[in-house]
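Please look over the sequence and the structure below before reading on. The report that follows takes up a sheet and then the surroundings of a ligand.

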Amino acid sequence: MGWEQIEISLPNCSALQVISFPVVQLHLNRTAMRASQKDFENAMNQVKLLKKDPGNEAKLKLYALYKQATEGPCNMPKPGVFDLINKAKWDAWNALGSLPKETARQNYVDLVSSLSSSLESSSQVEPGTDRKSTGYETLMVTSEDGITKIMLNRPTKKNALNVEMYHEIMHALKAASKDDSAITVLTGNGDYYSSGNDLTNFTDIPPGGVEEKAKNGAILLREFVGCFIDFPKPLIAMVNGPAVGISVTLLGLFDAVYASDRATFHTPFSHLGQSPEGCSSYTFPKIMSPAKAIEMLVFGKKLTAGEACAQGLVTEVFPDSTFQKEVWTRLKAFAKLPPNAMRISKGIIRNREKETLHAVNAEECSVLQGRWLSDECMNAVVNFLSRKSKL
Ligand SMILES: CCCCCC/C=C/C(=O)SCCNC(=O)CCNC(=O)[C@H](O)C(C)(C)COP(=O)(O)OP(=O)(O)OC[C@H]1O[C@@H](n2cnc3c(N)ncnc32)[C@H](O)[C@@H]1OP(=O)(O)O
């Protein structure tokens, strides 16, 4: 496996996925125990035996801890902005500051041990069977009181959607469409609902180059949005905080959208050199009029929750202080309604649009595939990654 040579190269690494690895943060605070050199060497061997790739975030953290444990604080010159892989490695190592070598060694041993157990347990999940919440890396999925809740769970990254999260959401939606629950809810953990597409998704370039990257992105996006178009049960968004990009456009495919008054709705596609997705080029003009849709999707106007409600994108707004309590009370009541009646009624309301929505989705993905190769888009991504711009 390529990632075994972690000290030398980090294939597919993405520049911003370094500091948020929760297991690591947990272990960074553990100084009570001290790993011996032997434990450290055993852990290095154990890494090579892991049956599953632990992902770029974990690999970067392993790299950083290894360097810190063997060489001490980062002593290399900072790589240039465009040298994304080495910059990610440098960032990871440098973020450890003056962490003592012994602590880094202990943290490395702890991380390997937690990776071994988590990867072993997730590999025990049979393909095709429903995953329990613990089987997801980027989501928390629970099913209770007739409600399946899918919670985006990368709060330190404002719930940006990385490639893994796209796949996990599709998996969770497919499982929810078949489980016993009556309704399904999507929400975010932390202060954001979601900051949209993880812009580091653009940095992991396959051997076929940026064209292949754009093509794969369009295939993934089409399949992802298709899962929302086809979802058979009532699908409800609980927008707990700001929503950006694709997390906003998809709302046009939900059956109800409840928002905290802290939420905002922002689709800065032109700023990013991109174009609308999530079927919003079709749903938004229908929901809010073509002119209002253009203000959002073309000019990037950010709406407050109240404005989004007035435009019909949001069903109802709640004060943030009572948002969770009020919405869950309501959802629990909905979930007691006869599930088959709800599913059938949703079907007659939504099904006649499905074919159109799939065609719109295909067209939007094809246009975006071209946009991702444009200078406008590439510059916007580089500016974000080099911390020159935020929304
Ligand atoms: C298969 C591909 C499908 C593509 C579909 C097309 C989809 C398009 C879109 O969704 S377009 C929208 C893309 N999103 C953005 O451009 C948002 C970028 N983020 C920001 O502008 C800001 O982070 C913010 C305004 C959302 C929040 O600002 P602030 O409150 O100051 O927090 P931080 O910037 O410090 O963020 C904390 C932490 O999260 C990382 N992060 C936030 N959003 C993203 C993101 N979209 N992609 C990657 N990383 C993100 C940010 O870098 C910080 O990380 P760090 O702590 O520095 O490691």
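In what order do the strands of the open sheet of 3 strands lie? In this predicted model, the order is β5-β7-β8, and the pairing within this open sheet is mixed. The edges are formed by β5, which covers residues 243–244, and by β8, which covers residues 303–304, and each of these edge strands pairs on one side only. Strand β7, made of residues 264–266, pairs with β8 in the antiparallel sense, over 2 bridges, and T264 stands opposite T304 in β8.

The second topic is the ligand. There are 27 residues around the ligand, and K157, N197, L199, R387 and K390 are the ones that come nearest. When the residues of this shell are divided by type, 14 are nonpolar, 7 are polar and 6 are charged. Helix α7, which spans residues 209–229, supplies the largest share of the shell, with 3 residues.

| Residue | Protein atom | Ligand atom | Distance |
|---|---|---|---|
| K157 | polar side-chain atom | oxygen | 2.6 Å |
| S195 | backbone N or O atom | nitrogen | 2.9 Å |
| L199 | backbone N or O atom | nitrogen | 2.9 Å |

On its own, the ligand has 1100 Å² of accessible area, and the protein covers 83% of this area. Two of the residues in the table, K157 and L199, also belong to the group that comes nearest to the ligand.

Methods: Residues numbered from 1 in each chain as written. Predicted model: local features only at pLDDT ≥ 70, side-chain atom pairs only at ≥ 80, totals over all residues. Heavy atoms only, no water. Pairing = 2+ DSSP bridges. Helix = DSSP H or I, 4+ residues; strand = E, 2+ residues; numbered from the N terminus. Near = heavy atom within 4 Å. Polar contact = N/O pair within 3.5 Å; in protein donor to acceptor, adjacent residues only side chain to side chain. Areas by Shrake-Rupley, 256 points an atom, 1.4 Å probe, with all protein chains shown as cover. Nonpolar A, V, L, I, M, F, W, Y, C, P; charged D, E, K, R; others polar.
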